[in-house]
Amino acid sequence: MAHLRGHERREYVARIFARISRRYDLLNSIMSGGRHHAWRRAAVRMAMEGQAGPALDIATGTGDFAVELARRREVSRVVGLDITLPMLNLARRKVVKKHVAPKADFLRGDAHALPFADGGLACITVGFGVRNFPDLPTALGEMARVLRPGGRLAILEIVHANKEGFLAKLFRRAFRTVTPWLGALLARDREAYTYLPESVREFLIYDELASLMGQAGFQVVQRRSFAFGTVAILVGEKSSP
Ligand SMILES: C[S@@+](CC[C@H](N)C(=O)[O-])C[C@H]1O[C@@H](n2cnc3c(N)ncnc32)[C@H](O)[C@@H]1O
């Protein structure tokens with residue numbers, strides 16, 4: 001996978017997520033020890049602080065972030081965007097089941113070319129998505145473009161801590177070895193669940209992500225970490241011109 005770039009890598013990622021879409025929620029709950037909903041709620045709270053208006057959830061997957069956003073009174077509408085159609089179909093069903101469908105729409109699209117006008121959105125969330133983007137500076141630039149000045153971007157991601165303690169190392173090793181087996185067992189797709197830990201190994205350390213956000217025009221205003229520093233929320237505010 002590491003050798004794939006640009007369009008080819010996007011296609012590969014979309015194929016992988018299409019294959020695991022039906023088991024994605026279950027595996028998410030197992031792999032995060034049931035914590036991912038709390039992390040999402042925290043990210044949405046931080047993203048919406050001082051904001052009101054339309055929201056976008058990029059790489060929405062099965063729509064958990066879109067549901068959390070739609071539940072908030074300050075969010076007028078939410079669009080969930082993803083490149084993988086089977087994920088979007090599950091997200092559409094989820095918002096109906098969770099009674100927030102009237103506020104939510106889903107759209108097939110790519111984080112590197114957002115189908116939105118400049119400066120219209122109050123907030124953007126991206127959960128466990130940015131590590132899949134082959135050109136993160138371009139994707140962050142697009143996020144800055146469609147947000148209004150002062151609007152917020154919250155990224156929830158598995159990261160490498162700058163200095164990893166013993167527990168973080170242990171957690172990472174377990175993630176690398178256990179995830180493919182879990183994938184094989186539950187999703188019957190070992191390749192897909194080998195991609196996950198691999199995509200994390202390739203990924204940036206915490207401070208590098210913050211610095212890329214800065215280069216794209218965000219001021220990082222809040223940070224939180226969980227699971228011994230291996231999961232982080234970074235919140236950036238789009239600087240005023
Ligand atoms: C690990 S899942 C995360 C799903 C969801 N945000 C969550 O928190 O559970 C990653 C998602 O990113 C999507 N994705 C990957 N590359 C993308 C891109 N270039 N543009 C939009 N979505 C993308 C995949 O289709 C997949 O649904």
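E1, H4 and E2 form a β-α-β unit that is right-handed, meaning that, with the strands pointing away from the viewer, the path from the first strand over the helix to the second runs clockwise. Those labels are DSSP runs, numbered from the N terminus: helices are H or I with at least four residues, and strands are E with at least two. Before I go on, please keep in mind that this is a predicted model, where local features need pLDDT of at least 70, side-chain atom pairs count only at pLDDT 80 or more, and totals for chains, interfaces and linings use all residues. Residues are numbered from 1 along each chain as its sequence is written.

Let's stay with the strands for a moment. E1 covers residues 53-58 and runs parallel to E2, joined to it by five bridges; two strands pair here if DSSP finds at least two bridges between them. Gly 53 sits opposite Val 75 in E2. E1 also pairs with E4, again in the parallel sense, over four bridges, and there Asp 57 faces Thr 125 in E4.

Moving along, E2 (residues 75-82) and E3 (residues 104-108) run parallel and share five bridges. Between E2 and E3 the chain passes through helix H5, residues 85-97, and this β-α-β crossover is right-handed.

Ala 59 counts as buried because it has 25 C-beta neighbours inside 10 Å; the cut-off for buried is 20 or more other C-beta atoms within 10 Å of a residue's own, with 12 or fewer for exposed, partly exposed in between, and C-beta atoms placed from the backbone. Phe 128 is in the loop between E4 and helix H6 (136-146). Phe 128 is not a glycine either, and has a positive phi of about 50°. With 23 other C-beta atoms within 10 Å, Phe 128 is buried.

On to the ligand. Of the 22 residues around the ligand, Ala 59, Gly 61, Thr 84, Ala 111 and Gly 127 come nearest, where near means that the C-beta atom, placed from the backbone, lies within 6 Å. Helix H1 (6-20) and helix H4 (64-70) are the elements that give two or more residues to this shell. H1 provides the largest share, four residues. By type, the shell has ten nonpolar, eight polar and four charged residues; Ala, Val, Leu, Ile, Met, Phe, Trp, Tyr, Cys and Pro count as nonpolar, Asp, Glu, Lys and Arg as charged, and the others, Gly among them, as polar.

One more helix: H3. How far apart are the end C-alpha atoms of H3? They are 18 Å apart, which agrees with the 18 Å that its 13 residues should span at 1.5 Å a residue, the expected span being 1.5 Å times one less than the number of residues. The buried residues of H3 include Arg 40, Ala 43 and Val 44. Among the elements covering the buried residues of H3 are H4, E2 and strand E5 (147-158). After H3 comes Gly 50, with a positive phi near 75°.

Finally, the overall picture. The protein has nine helices and seven strands, and 41% of its 241 residues are buried.

Notes: Contact = placed C-beta atoms within 7 Å.
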